[in-house]
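Reader: Hey, can you walk me through this one? I've got the sequence and the picture open.

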Amino acid sequence: MRILVTGADGFVGRWLLKELERAGHVPILAPPIAELDVADAKAVEALLRRELPDGVAHLAGVAFAPDAEGNPVLALRTN
């Protein structure tokens, strides 16, 4: 399977990429957050149409609770 991974350059993303490859999947790395706003529906749709993944692992969200509490709008947009 082709799996699109957002946040692939983060701590969990690096481990997930290894596991996907080990399991015989093809990881597709989403552009870094500086290049792709995951809350931009049109940009994400264009990426999905271009890459045609079978699945998505979204790791580019706000995972640290104090950050989400400090900026709930950003947390909701990205998660």
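Reader: Let's start with Thr78. Is Thr78 buried or exposed?
Author: Thr78 counts as buried, because its relative accessibility is 8% and the cut-off for buried is under 20%. Keep in mind that this is a predicted model.

Reader: OK, and where does Thr78 sit?
Author: Thr78 is in helix α4, which covers residues 72-78.

Reader: Which residues does Thr78 touch?
Author: Leaving out residues up to four places away in sequence, Thr78 touches Val38, His58, Ala60, Gly61 and Val62.

Reader: What about Thr6, buried or exposed?
Author: Thr6 counts as buried, at 8% relative accessibility. You'll find Thr6 in strand β1.

Reader: What does Thr6 touch?
Author: Not counting residues up to four places away in sequence, Thr6 touches Ala30, Val38, Ala57, His58, Leu59 and Ala60. With His58 there is also a polar contact between the side chains, at 2.7 Å.

Reader: Switching topic: what's the strand order in the sheet?
Author: The order is β2-β1-β3, in an open sheet of three strands with parallel pairing. β2 (26-29) and β3 (55-58) are at the edges with a single partner strand each, so one side of each has no neighbour in the sheet. From one strand to the next, the twist averages 30°.

Reader: How many bridges link β1 and β2?
Author: Four bridges, in the parallel sense, and β1 runs over residues 2-6. As an example, Ile3 has Pro27 in β2 as its bridge partner.

Reader: Last one, Ala23. Where is Ala23?
Author: Ala23 is in the loop between α1 (11-22) and β2. Its relative accessible area is 48%, so Ala23 is partly exposed.

Reader: How far apart are Ala23 and Met1?
Author: In sequence, Ala23 and Met1 are 22 residues apart, and in space they are 9.6 Å apart, C-alpha to C-alpha.

Note on methods:
Residues are numbered from 1 along each chain as its sequence is written. This is a predicted model: local features need pLDDT of at least 70, side-chain atom pairs count only at pLDDT 80 or more; totals for chains, interfaces and linings use all residues. Side-chain values use heavy atoms; hydrogens and water are left out. Two strands pair if DSSP finds at least two bridges between them. Helices (H or I, at least four residues) and strands (E, at least two) are DSSP runs, numbered from the N terminus. Axes are lines fitted to C-alpha atoms, for helices over the stretch in contact, and angles run from 0 to 180 degrees between N-to-C directions. Buried means under 20% relative accessible area, exposed over 50%, partly exposed in between (1.4 Å probe, protein chains only). A polar contact is a pair of N or O atoms within 3.5 Å; within protein, one must be able to donate a hydrogen and the other to accept it, and residues adjacent in sequence count only if both atoms are side-chain atoms. Contact means heavy atoms within 4.5 Å.
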